Amino acid sequence: MNGALAPAFAPDPGRICWEGPAGRITRPPYAGPFAESPPMPPVFPAHPLPRSRGVFCNRTLNFRSLRAIGYDMDYTLVDYRVEAFERQVFDFALERFRAEGWPVELLVFDPGMVARGLIIDTELGNVVKANRFGLVRRAMHGTGPMDFARQRQVYSGTLVDLAEPRWVFLNTLFSLSEGCLYAQMVDLLDQGRLPGAMGYRDLYRRVRAMVDAQHIEGRLKDRIIAQPESCVVLDPEIPLTLLDQRHAGKKLLLITNSDWTFSAAMMTYAFDPFLPAGMTWRELFDLVIVGARKPDFFTDHAPFYEVVTGDGLLRPAVGPLLPGRAYVGGSAAQVERDLGIQGDEILYVGDHMFGDVHVSKSALRWRTALVLRELEAEVAALEAFKEVEREIAQKMAEKERLEALFSEARLGLQRVRGGYGPQPGLGAGELEVRLQELRARLLPLDGEIAPLARAATELTNSRWGLLTRAGNDKSHLARQVERYADVYTSRVSNFLHATPYVYLRSPRGSLPHDPSSPGGTALAPAPEAAERDLTD
Ligand SMILES: [Mg+2]
């Protein structure tokens, strides 16, 4: 397989020079005062965390310079059992559709059917996955996966632009029931089984309105409040994380779209048992803002109402916001003004790609942290796949090498036949033999790569693959994270281990021309490869 072939054109040693000043740079080993720092025992007992629990940094963030940290509640401070929660929303919505006479008896909630970061194409009734450039890389119509040829036919001239109303981005785990319901409803619409004249867009509006109604109506909330253990995942480290931050001098804010009754019940259940005796969740926060109407909260100037009794009685808030109080509505502008903080002095932590992170970053330049619960499975899958990934990279490097030789031999044959330009050292017959030989090597190599590459695109979800990847590239979700989230992590308690004093530094951004970037076809062969081909 790896037998070397001499290049069809001999390199001109007078023109190609692999040696230069960079090759002569030598660096003596560093022998400064800290080179041999003595090991120090940890202050707290060692509590190693897997990489999947890391805080990943897009833009350098110094916690010491933060004066305030704001938190969303649902799926941020309070984590839910996704499947149980979304199945409940799905079933309630289905019940309502059934009451309206829709034939939805056979519809079922399938948590793997869609994923956060996918995009609904409301014009064509599809769910798609796009890469960072907005190119569609996978699609399904209704619940049926679209084959590659069909997908190319439908989307070859289309770029996903989330600013257009055609596209609906699945921003949060709350979107799973909506996406799953819509896909199955498209099947019913195609079968002509839905009542009234309706297109894919109208259908989306109906589904969205029904799912939203379940979140707003009391039935879902009452059930969760009555049995929080059925839906809430307790994480005792989250209250401790916030305690540390508060004692480190940060002002803490709760800013949630949920209403007072639901928020108070969830926070009491998830926080109070894990706080010091006699302390409640209310004492952690300088400000509690419920019914915040994000993302408008970040851009509009709505008035605040104060929550004056435990059961949620309201009165208009007059004057500046007061510490320790709870409010409804309002605006980020007034929070900044009354707290005397602004822009990069406040970090906002949330799980909603648009409502929490995109708008607070774009409108106010707040520092942002995205909670991406799925990251733990994503990172674990990538770790487990490392060996196969290495094998793919090796085989791809070999494929690129053979393809380069193939192109060169083909060009040589073209010039021999055309009688122009510098002529290769091989005759037409020899070049044809070489092309055949290269074809015979490439074919089985492709056969070896294909199943490995397919396995890479099916990690964590056989339909859609990893959240952050689309084919060989970053996904549209990954691009959003990169643009709007300064840091991202799987859960708030990962900040506990980082401490409130951490200085998070972003890695050096990589570019395709960096020497360490894997893949891609180099314009010139690496020196060792050229040497090997010449000497063999
Ligand atoms: Mg949330």
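Predicted model: local features only at pLDDT ≥ 70, side-chain atom pairs only at ≥ 80, totals over all residues.

Residues are numbered from 1 along each chain as its sequence is written.

**The whole chain**
- The protein chain has 18 helices and 21 strands; helices (H or I, at least four residues) and strands (E, at least two) are DSSP runs, numbered from the N terminus.
- Of its 536 residues, 35% count as buried, where buried means that 20 or more other C-beta atoms, placed from the backbone, lie within 10 Å of the residue's own.
- Among contacts with a separation of 6 or more, 75% join residues 24 or more positions apart; two residues are in contact if their C-beta atoms, placed from the backbone, lie within 7 Å.

**Helix α4 itself**
- At 1.5 Å a residue, the 16 residues of α4 should span 22 Å, and its end C-alpha atoms are 23 Å apart, which agrees; the expected span is 1.5 Å times one less than the number of residues.
- Helix α4 is mostly covered, with twelve of its 16 residues buried.
- The buried residues include Ser175, Gly179, Tyr182 and Val186.
- Among the elements covering them are α2, β5 (119–121), β6 (126–130), β7 (136–141) and α5 (200–216).
- After α4 comes Gly192, which has a positive phi, near 70°.

**Where α4 meets α2**
- Helix α2 (residues 82–99) packs against helix α4 (residues 175–190) at an angle of about 50°, and their axes are 8 Å apart; axes are lines fitted to C-alpha atoms, for helices over the stretch in contact, and angles run from 0 to 180 degrees between N-to-C directions.
- From α2, Val82, Glu86, Val89, Phe90 and Ala93 make the contact, and from α4, Leu176, Ser177, Cys180 and Leu181 do.
- By class, this contact has seven nonpolar, one polar and one charged residues.

**A closer look at Ala183**
- Ala183 lies in helix α4.
- Is Ala183 buried or exposed? Ala183 is buried, because 23 other C-beta atoms lie within 10 Å.
- Not counting residues up to four places away in sequence, Ala183 touches Met113, Val114, Val127, Met140, Gly142 and Thr143.
- The C-alpha atoms of Ala183 and Gly125 are separated by 7.4 Å, although these residues are 58 residues apart along the chain.

Conventions
Nonpolar A, V, L, I, M, F, W, Y, C, P; charged D, E, K, R; others polar.
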